[in-house]
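Biologist: I would like to go through this model with you, one question at a time. Shall we begin?

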Amino acid sequence: MNEPLIVTSKQLSEKGIGIFNGIPMGLGYNRKLKRKYLKKHKKDRNTTYCFYCNGNTLTITDDFNKPICELCGIVKGTDNDE
């Protein structure tokens, strides 16, 4: 009948979702926490602008050595991609 769809972390990474320590990123933030995070990192020098979050966020490296946004978990593109 309806069997559950099994998706590997490699397939998620290929779709643009960051995997950090084996867990998909960006799934635990609601609106209130997102606004608090963006306000905290608004003037931080180590942040870069994330198009998806519409604010400055920290960039971390996921398990597949791709730069991802710490808040939303989406893989950030290089300068050539944007």
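Modeller: First, a term: two residues are in contact when heavy atoms of theirs lie within 4.5 Å. Keep in mind that this is a predicted model.

Biologist: Which residues does Gly-16 touch, not counting residues up to four places away in sequence?

Modeller: Gly-16 sits in the loop between helix H1 (9-15) and strand S1 (19-20). Its relative accessible area is 18%, and the cut-off for buried is under 20%, so Gly-16 is buried. Beyond four places in sequence, its partners are Gly-73, Ile-74 and Val-75.

Biologist: What distance separates the C-alpha atoms of Gly-16 and Lys-76?

Modeller: Along the chain, Gly-16 and Lys-76 are 60 residues apart.

Biologist: In what order do the elements run from the N terminus on?

Modeller: The protein has 2 helices and 6 strands. Read from the N terminus, the order is α-β-β-α-β-β-β-β.

Biologist: Among contacts between residues at least 6 apart in sequence, what share joins residues at least 24 apart?

Modeller: Two residues count as a contact at heavy atoms within 4.5 Å. Of the contacts at least 6 apart in sequence, the share that joins residues at least 24 apart is 40%.

Biologist: Is Tyr-29 buried, partly exposed or exposed?

Modeller: Tyr-29 is in the loop between strand S2 (23-24) and helix H2 (31-40). Its relative accessible area is 39%. Buried needs under 20% and exposed needs over 50%, so Tyr-29 is partly exposed.

Biologist: Tyr-29 and Cys-72 are 43 residues apart in sequence; what is their C-alpha to C-alpha distance?

Modeller: Tyr-29 has contacts with Lys-34, Tyr-37, Glu-70 and Leu-71, neighbours up to four places away left out. From Tyr-29 to Cys-72, C-alpha to C-alpha, the distance is 8.0 Å.

Biologist: Which residues form the largest nonpolar core?

Modeller: That core has 7 residues. Membership requires buried residues, joined through side-chain atoms within 4.5 Å. The members are Tyr-37, Leu-38, Cys-50, Cys-53, Cys-69, Leu-71 and Cys-72.

Biologist: Which residues does Tyr-37 contact, leaving aside neighbours within four places in sequence?

Modeller: Tyr-37 belongs to the largest nonpolar core. Leu-71 is also listed in that core. With close sequence neighbours set aside, the contacts of Tyr-37 are Tyr-29, Asn-56, Thr-57, Leu-58, Glu-70 and Leu-71.

Biologist: Why does Thr-57 count as buried?

Modeller: Thr-57 is in strand S4. Beyond four places in sequence, its contacts are Tyr-37, Leu-38, Thr-47, Thr-48, Cys-50, Cys-69, Leu-71 and Lys-76. The cut-off for buried is under 20%, so Thr-57 qualifies with a relative accessibility of 0%.

Biologist: What kind of aromatic pair do the rings of Phe-51 and Tyr-52 form?

Modeller: The structure holds 1 aromatic pair. Its ring centres, in Phe-51 and Tyr-52, are 5.7 Å apart, with the planes at 80°. Planes over 60 degrees apart count as edge-to-face. The angle passes that cut-off, so the pair of Phe-51 and Tyr-52 is edge-to-face.

Biologist: How far is Phe-51 from Lys-76, C-alpha to C-alpha?

Modeller: In sequence, Phe-51 and Lys-76 are 25 residues apart. In space, the C-alpha to C-alpha distance is 8.9 Å.

Biologist: What is phi of Asn-54, a residue that is not a glycine?

Modeller: Asn-54 is in the loop between S3 and S4. At 57% relative accessibility it counts as exposed. Its phi is positive, at about 60°.

Biologist: Is Asn-65 buried or exposed?

Modeller: Asn-65 lies in the loop between strand S5 (59-61) and strand S6 (67-69). Its phi is positive, near 60°, and Asn-65 is a residue other than glycine. Its relative accessibility is 64% and the cut-off is over 50%, so Asn-65 is exposed.

Conventions:
Residues numbered from 1 in each chain as written. Predicted model: local features only at pLDDT ≥ 70, side-chain atom pairs only at ≥ 80, totals over all residues. Heavy atoms only, no water. Buried < 20%, exposed > 50% of the residue type's maximum accessible area, 1.4 Å probe, protein only. Phe/Tyr/Trp six-rings, centres within 6.5 Å; stacked < 30°, edge-to-face > 60°. Helix = DSSP H or I, 4+ residues; strand = E, 2+ residues; numbered from the N terminus.
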